[in-house]
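Thanks for coming. I will take a few minutes to walk through one structure, starting with charged side chains and ending with the sheet.

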Amino acid sequence: MSGLPEGWIVKMSQSHGKEYYYNTTTQESQWERPGCAGPPDTVRASHLLVKHKDSRRPSSWREERITRSKEEALEILNGYLSQIKGGTPFADLASQFSDCSSAKRGGDLGHFGPGQMQKPFEDATFALSVNEMSGPISTDSGVHIILRTA
């Protein structure tokens, strides 16, 4: 086969006339061969964050003042999880509904290593396999769905 991680395919750029890599799960595209980018001991992940009134900063690009409870945030997040499992692309939902500024990149946080994220988020991400998605993860920022991409 292609030797690419699951979910990745090679496409041809019409504008650049060269091959690029496309992730059919996250809708992410990149020039570098997946699985090869990033320093050792790092992961790459996307996430969808739903903040609540007890988040460390209860506001976002979507809402100036977030007043929902943590339980309501989890209910919303579980709805997104169901949509993703039903075939809605992760990046589409993250772009529209994540309370993180990474929404403009489909939730992509890029590569990060130990100590760079809140501990529950880091632990969950490092425990995932590439292209595996978490259930709800709670941090001081709110509740997240995490998709490990590398």
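By salt bridge I mean a side-chain nitrogen of Lys or Arg within 4 Å of a carboxyl oxygen of Asp or Glu. Before I use that, some background. This is a predicted model, in which local features need pLDDT of at least 70, side-chain atom pairs count only at pLDDT 80 or more, and totals for chains, interfaces and linings use all residues. Residues are numbered from 1 along each chain as its sequence is written, and side-chain values use heavy atoms, with hydrogens and water left out.

How many salt bridges does a search of the whole structure find? The count is 7. One of them joins the side chains of glutamate 28 and arginine 44, with N to O at 3.2 Å. Glutamate 28 sits in the loop between strand E2 (19–23) and strand E3 (29–30), while arginine 44 belongs to strand E4 (residues 43–50), so the pair, 16 residues apart, links distant parts of the chain. Helices (H or I, at least four residues) and strands (E, at least two) are DSSP runs, numbered from the N terminus.

Are these two residues buried or exposed? Buried means under 20% relative accessible area, exposed over 50%, and partly exposed in between, using a 1.4 Å probe and protein chains only. Glutamate 28 is buried at 13%, and arginine 44 is buried at 16%.

Next, a second pair. Aspartate 99 forms a salt bridge with arginine 62, and their closest N and O atoms are 3.5 Å apart. Aspartate 99 is buried, at 3% relative accessibility, whereas arginine 62 is partly exposed, at 32%.

Glutamate 63 and arginine 68 also meet in a salt bridge through their side chains, at 2.4 Å from N to O. Here glutamate 63 is partly exposed at 25%, and arginine 68 is buried at 13%. Salt bridges link Arg62, Glu63, Arg68 and Asp99 in a network.

Now to aspartate 108, which is found in strand E5 and is buried, at 12% relative accessibility. Contact means heavy atoms within 4.5 Å. Setting aside neighbours within four places in sequence, aspartate 108 is in contact with several residues, including Glu28 and Arg44. Its side chain makes a polar contact with the side chain of arginine 44 at 2.5 Å. A polar contact is a pair of N or O atoms within 3.5 Å; within protein, one must be able to donate a hydrogen and the other to accept it, and residues adjacent in sequence count only if both atoms are side-chain atoms.

Last, the sheet. Which strands form it, and in what order? The open sheet has 4 strands in the order E5-E4-E7-E6, with antiparallel pairing. Two strands pair if DSSP finds at least two bridges between them. E5 and strand E6 (137–139) are at the edges with a single partner strand each, so one side of each has no neighbour in the sheet. E6 is joined to strand E7 (residues 142–148) by 3 bridges, and serine 138 has valine 143 in E7 as its bridge partner.
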